[in-house]
Amino acid sequence: GVPVPPPNVIGHFHLGLAEWWYALEGDMATRIEGVGDVFAKHGDIIYSPWGAYHQTIMTGNPSTRTPAGKTGVNDSGASFSKPGAASE
C-alpha cells in the first residue's frame, strides 16, 4: 500500500457519475470533497456522490477494491483537477 497523500491532492470527479468501492481485501482510504478522509477495511463500502472530487488510495498490502457507479445522462468518465491543484 501507499500513504495517504497530502491534503492538496484532491483527485478527480466524474460528470454524471456517483461512485462507490467495495474493499475486497486489505485497507483503503478515500478523500472525498466535503467529507474528508474515509477509511475502510475488508468488507466495507465507500461512496462518493456525483460530481464530488475524490482520491482513492490502497493502504494495505495486499489491497484490492472493486469500483461501481451509477451513470447519468452526461457521464463521460472524465477526470479533472481544480485549477492550481495537484491531480492524482
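## An aromatic pair

Y53 counts as buried, at 10% relative accessibility. Buried here means under 20% relative accessible area, exposed over 50%, and partly exposed in between (1.4 Å probe, protein chains only). F13 is buried too, with a relative accessible area of 15%. The whole structure holds two aromatic pairs. For F13 and Y53, the ring centres lie 5.0 Å apart and the planes meet at 70°, so this pair is edge-to-face. F13 sits in the segment before β1, and Y53 in the loop between β4 (45-48) and β5, so the pair ties together parts 40 residues apart in sequence.

Rings of Phe, Tyr and Trp (its six-membered ring) pair if their centres lie within 6.5 Å; planes under 30 degrees apart are stacked, over 60 edge-to-face, and the rest tilted.

## Model and confidence

This is a predicted model, in which local features need pLDDT of at least 70 and side-chain atom pairs count only at pLDDT 80 or more, while totals for chains, interfaces and linings use all residues. Residues are numbered from 1 along each chain as its sequence is written, and side-chain values use heavy atoms, with hydrogens and water left out.

pLDDT is the predictor's confidence in each residue, from 0 to 100. Its mean over the protein chain is 78, and 77% of the residues reach 70 or more. Among the elements, β3 has the highest mean pLDDT (92) and strand β6 (residues 64-71) the lowest (75). Over residues 78-88, pLDDT stays under 50. The model has 27 contacts beyond four places in sequence for that stretch. Where pLDDT is low, the predicted coordinates should not be read in detail.

## Overall fold

The protein chain has zero helices and six strands. Along the sequence the pattern is β-β-β-β-β-β. Helices (H or I, at least four residues) and strands (E, at least two) are DSSP runs, numbered from the N terminus.

Of the 88 residues in the protein chain, 34% are buried. Among contacts (heavy atoms within 4.5 Å) with a separation of 6 or more, residues 24 or more positions apart account for 73%.

## Strand β2 and its partners

Strand β2 (residues 28-32) pairs with strand β3 (residues 36-40) in the antiparallel sense, over five bridges. Two strands pair if DSSP finds at least two bridges between them. M28 stands opposite A40 in β3, and T30 opposite V38.

Five of the five residues of β2 are buried, so the strand is largely enclosed by the rest of the structure. M28, T30 and I32 point one way, A29 and R31 the other. In a regular strand the side chains alternate between the two faces of the sheet.

## Nonpolar core

The largest nonpolar core has eight residues: W21, A23, M28, I32, A40, I46, A52 and M58.

Technical notes:
Core = buried A, V, L, I, M, F, W, Y, C linked by side-chain atoms within 4.5 Å.
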